Amino acid sequence: MSRKTTEREMVAILDFGSQYSQLIARRVRELKVYGKLFPYNIRSAELAEISPKAIILSGGPASLTAEESPICEKGIFELGIPVLGICYGMQLMGKLLGGGVVSSSAREYGKANLCVDEESGLFQGLGRDLTVWMSHGDRVAKLPSGFERIAHTANSSIAAMKNKEKQFFGVQFHPEVIHTPRGKEILENFLYRVAECSPTWTMKSFVERSLAELKDRVGEEKVICALSGGVDSSCLAILLHRAIGSNLIAVFVDNGLLRKDEGRTVKERFESYYHLNLKFIEAGERFLEGLEGVVDPEAKRKIIGKEFIRVFEEEARKEKGIKFLAQGTLYPDVIESRSAFGGPSATIKTHHNVGGLPEDMDLELIEPFKDLFKDEVRMVGKELGLPEELIQRHPFPGPGLAVRIIGEITEERLFLLREADKIMIEEIREAGLYGEIWQAFAVLLPVKSVGVMGDERTYENVVALRAVTSTDGMTADWAEIPHPVLGRISNRIINEVKGINRVVYDISSKPPSTIEWE
């Protein structure tokens, strides 16, 4: 598939700050159509230049009955492009096109029975009764001119609407969540039947387009690639190697915050097996000096991010004339580090490779994966022929063990955590659980507890074990590791790692907790 075709077959998703906005993009992509998020206030003229096949208006936490609420340009509805409004998006469509939106006397949240009034279009082939997921306080009380009702619930007399002539649709529920069992089919009807999209966007087409874009952008210049050995940076390094060959300089920085034997493993794999132009930099001392006495997690991330960039800038100067730095940044990193596209969502934490970058950075960033989720990058890895062992490797944060040691970073505390973490992963692999878990690791807590070893009283460190299941890292559930496995991990850590006398297991999900503790 040509690059032009790939760009033409795109659905623009306007983000109004919903926690489900990226999930809409995921569902669209699962249907093999390229979905991309844009700020809700993007100009209609800019959208016209992009020429998407369709527009989806996301939900959002705001109320249109309030004085200030995010509103898109009305000109978006004059582009001659099919539009689907979801929840807040439907209400906004109703208000901007002359309908009436009011606050509901009874807020509708959770599962609801949807009665379909018209089985064509969005609901083609789905029957009259559907289970859907509602989450709204406002509702469309009066249809805009040219619209008709196509579904209702007991609490929402207008739960779905359409303007057949203009191909505008609105649904009060959320088809993108798994709690709407046939929601993906509703989106499929919109994409294929209404917008006439073609199911042609795949990871193979993504790789083809990315290779062409990298060759075009970089030309004969050289690129420094930040290689950590994880799936994201590994896929990026191989992608770049295919695009620009020997003009790639992969730089692995041992910042002193890595897991046990991490540096040696990466060096062997990429230097010997993939034959990359690899530079291995020992920089642990400078990183630990910068982190001395620092306990605030945001400060840690910013210090590490700044120090990484300084190392890469120094290497670029040695090579003379390098102006590009490539990073394996993913979309979850971006959305958690700042409000998505300047929209109304909240910053959760700064990722060292996004919000932690210094403003005076000399290098120009290349981030081919910044709109992708982790599972999509793993599919890219398969397209590139990377081994399953590497593709399925658990995520490891850029700041490394610095955000798994709560409080000050010291050599002694790093040693304890490395040993405990190694034991946990060994036992999970031995139990055949590694592939079922999204991420597993140990966290060193800033507390000590009383214990008894032999006939002596101890007062030593506490380690928390953390293991979660997830598909993209945006949400996660704690993994139900069998008690005998947890028992073996605990027993080994306490017996083999001198300085730890207590092990606990974290059973919180995301949200409300994040996966990492810092």
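Visitor: Which residues do ring pairs link into a cluster?

Guide: Ring pairs link Tyr34, Trp201, Phe206 and Phe369. Bear in mind that this is a predicted model.

Visitor: How many aromatic pairs are there by the rule?

Guide: The count comes to 10 aromatic pairs. One of them joins Phe77 and Phe168, with 5.6 Å centre to centre and 75° between the planes.

Visitor: Why is the pair of Phe77 and Phe168 called edge-to-face?

Guide: The centres are 5.6 Å apart, and a pair needs them within 6.5 Å.

Visitor: What does the pair of Phe77 and Phe168 tie together?

Guide: Phe77 sits in the loop between β3 and β4, while Phe168 belongs to strand β9, so the pair ties together parts 91 residues apart in sequence.

Visitor: What makes Phe77 count as buried?

Guide: Its relative accessibility is 5%, and buried means under 20%, so Phe77 qualifies. Phe168, at 4%, is buried too.

Visitor: What kind of aromatic pair do Trp478 and Tyr505 form?

Guide: Theirs is edge-to-face: 6.4 Å centre to centre and 75° between the planes. Trp478 lies in strand β17 and Tyr505 in strand β18, so this pair ties together parts 27 residues apart in sequence.

Visitor: Why is Trp478 called partly exposed?

Guide: Its relative accessible area is 31%. Buried means under 20% and exposed over 50%, so Trp478 falls in between.

Visitor: How do you know that Arg259 lies over the face of Phe396?

Guide: Arg259 is at 4.0 Å from the ring centre, and the distance limit is within 6 Å. Arg26 likewise lies over the face of Phe373, at 4.8 Å from the ring centre.

How values were computed
Residues numbered from 1 in each chain as written. Predicted model: local features only at pLDDT ≥ 70, side-chain atom pairs only at ≥ 80, totals over all residues. Heavy atoms only, no water. Phe/Tyr/Trp six-rings, centres within 6.5 Å; stacked < 30°, edge-to-face > 60°. Helix = DSSP H or I, 4+ residues; strand = E, 2+ residues; numbered from the N terminus. Buried < 20%, exposed > 50% of the residue type's maximum accessible area, 1.4 Å probe, protein only. Lys NZ or Arg CZ within 6 Å of the ring centre and 35° of its normal.
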